[in-house]
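Here are my notes for a first look at this one. Have the model open beside you and go through the points in turn.

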Amino acid sequence: MLPHRSAVIVREPRASERTWITERLHGWWGSTLIVTARGSWETTQLPALVAVDEDELAGVATFEISDAACQLVTLNAARPGRGVGSALLAAVANHAGAVGCERLWLTTTNDNLGALRFYQRRGLRITAVHRGSVDAARAIKPTIPLVGDHQIELGDELELELRLDSRR
């Protein structure tokens, strides 16, 4: 018999959960500062949604809404493969659509094959490649490594987008 799994619940974080969010973001990203081709964000200052799985905090997404678009800045699950990332992505997309955004977009690095697979399987499309942007970001955030996942040299960012206006 398979173990019973409760559904993942996504909600706004409570004030008491801010420390958990900060610690996890720092652990996942090496800092709470995210730097991309389009700018930099202090993730602890962004709107966020948390996922709760089996009564434990299981993931967090941070995002920014501007000009009828929602940029997903971070999306992380404490234990991948349990539906946490999917639930967070759907919740951010639903929130963005509800406040009038026409698109949800994000960037990821060229080495992040898992993220590229994850997002494309959920309907996001690659819309741009920013060549050399990671090299430029490294000047602002020197902790960005030279080599990433799968021993792939980090140099570029890929932009992905989900059109929300077509989902209405």
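1. Glutamine 151 counts as exposed, at 70% relative accessibility; exposed here is over 50% relative accessible area, buried is under 20%, and partly exposed lies in between (1.4 Å probe, protein chains only). You'll find glutamine 151 in the loop between H4 and E9. Its phi is positive, about 60°, although glutamine 151 is not a glycine. Most residues other than glycine have a negative phi.

2. A word on the basis of all this: the model is predicted, so local features need pLDDT of at least 70 and side-chain atom pairs count only at pLDDT 80 or more, while totals for chains, interfaces and linings use all residues. Residues are numbered from 1 along each chain as its sequence is written, and side-chain values use heavy atoms, with hydrogens and water left out.

3. Aspartate 55 also has a positive phi, about 65°, and is not a glycine. Look for aspartate 55 in the loop between strand E4 (48-53) and strand E5 (56-66); helices (H or I, at least four residues) and strands (E, at least two) are DSSP runs, numbered from the N terminus. At 78% relative accessibility, aspartate 55 counts as exposed.

4. Now go to arginine 11, in strand E1 (residues 9-11). Leaving aside residues up to four places away in sequence, arginine 11 touches Glu17, Leu49, Val50, Val52 and Leu57 (contact means heavy atoms within 4.5 Å). With glutamate 17 there is a side-chain to side-chain polar contact at 2.7 Å; that term means a pair of N or O atoms within 3.5 Å, where within protein one must be able to donate a hydrogen and the other to accept it, and residues adjacent in sequence count only if both atoms are side-chain atoms.

5. How many salt bridges does a search of the whole structure find? The search finds eight, a salt bridge being a side-chain nitrogen of Lys or Arg within 4 Å of a carboxyl oxygen of Asp or Glu. Arg11, Arg14 and Glu17 are linked in a network of them.

6. Glutamate 161 forms a salt bridge with arginine 103, with the closest N and O atoms 2.7 Å apart. Because glutamate 161 lies in strand E9 (residues 157-163) and arginine 103 in strand E7, the pair ties together parts that are 58 residues apart in sequence. Both residues are buried. Glutamate 161 also forms a salt bridge with arginine 163, at 3.8 Å between the closest N and O atoms; arginine 163 is partly exposed, at 33%.

7. Aspartate 135 is partly exposed, at 42%, whereas arginine 138 is buried, at 14%.

8. Last, the largest pocket, with a volume of about 1,300 Å³. On a 1 Å grid over the protein atoms alone, a pocket is an open set of points where a 1.4 Å probe fits, with protein on both sides within 12 Å along at least five of seven lines, and lining residues have an atom within 4 Å of a point. Grid points are joined across faces, edges and corners, and the volume is the space filled by probe spheres set on the points. The lining has 45 residues, with Trp29, Asn76, Thr108, Asn112 and Ala115 nearest the centre. Which element gives the most to the lining? E6 does, with seven residues.
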